[in-house]
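Okay, thanks for coming, everyone. Let me put today's protein on the screen and walk you through it.

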Amino acid sequence: KSPKVYFIDTGLACRLQGWTSPFQILTSPQQGHLFENLVYSEIHKLNLNYQLGWQVYHWRSRAGEEVDFLIDMGAGKKLYIEAKVSPRDPQDLSRFPEVKKVFGNNPPPILVCHQEGERALGHRVPIAKLAASLLEKIQRPGLA
């Protein structure tokens with residue numbers, strides 16, 4: 001399929017869609033896509049500013065398996081990130097045949113980045129804490 005395109009400036013993305021107030025964003029069917037852009041923007045800025053050399057991919061198989069971001073951090077470390085407006089549980093990646101094919105029984109860990117709250121709880125991280133959580137993942141040994 002065609003590649004995904006992300007806006008680094010989410011304010012510009014909102015304006016190009018004609019939105020002029022926060023209420024319009026919160027009630028738009030595009031809210032999830034805009035939030036995914038915001039998450040990508042945070043990952044991109046962190047990668048660029050700290051010169052981390054990460055490769056960021058969108059995972060989508062022909063069978064319809066999909067995860068918003070797969071980050072290859074180098075040195076064998078990989079991480080999945082799901083961007084969700086609300087902090088719900090991620091899909092069970094171990095059931096995805098393509099994930100099994102590539103990673104066997106040891107898929108990369110997953111973070112769910114959401115827009116609510118100020119604290120990271122387990123694998124659920126609010127957008128305000130995403131950069132800090134990712135920098136912590138670099139230091140933590142044992143990432144897949």
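So, of the 144 residues in this protein, 35% count as buried, and buried here means under 20% relative accessible area with a 1.4 Å probe, protein chains only. Quick caveat: this is a predicted model, where local features need pLDDT of at least 70, side-chain atom pairs count only at pLDDT 80 or more, and totals for chains, interfaces and linings use all residues. Residues are numbered from 1 along each chain as its sequence is written, and side-chain values use heavy atoms, leaving out hydrogens and water.

What are the pieces? There are five helices and five strands, taken as DSSP runs (H or I of at least four residues for helices, E of at least two for strands) and numbered from the N terminus. Going from the N terminus, the order is α-α-α-β-β-β-α-β-β-α.

On to contacts, meaning heavy atoms within 4.5 Å. Of those between residues at least 6 apart in sequence, 57% join residues at least 24 apart.

As for size, the C-alpha atoms fill a box of roughly 45 × 35 × 25 Å along the principal axes.

Now let's look at one helix, H3, which covers residues 31–49. H3 has 19 residues and spans 27 Å from first C-alpha to last, close to the 27 Å expected at 1.5 Å a residue; that expectation is 1.5 Å times one less than the number of residues. Which residues of H3 are buried? Among them are Leu-34, Phe-35, Val-39, Tyr-40, Ile-43 and Leu-46, and also Glu-36 and Asn-37. Just after H3 comes Gln-51, with a positive phi of about 50°.

Note on methods: Buried means under 20% relative accessible area, exposed over 50%, partly exposed in between (1.4 Å probe, protein chains only).
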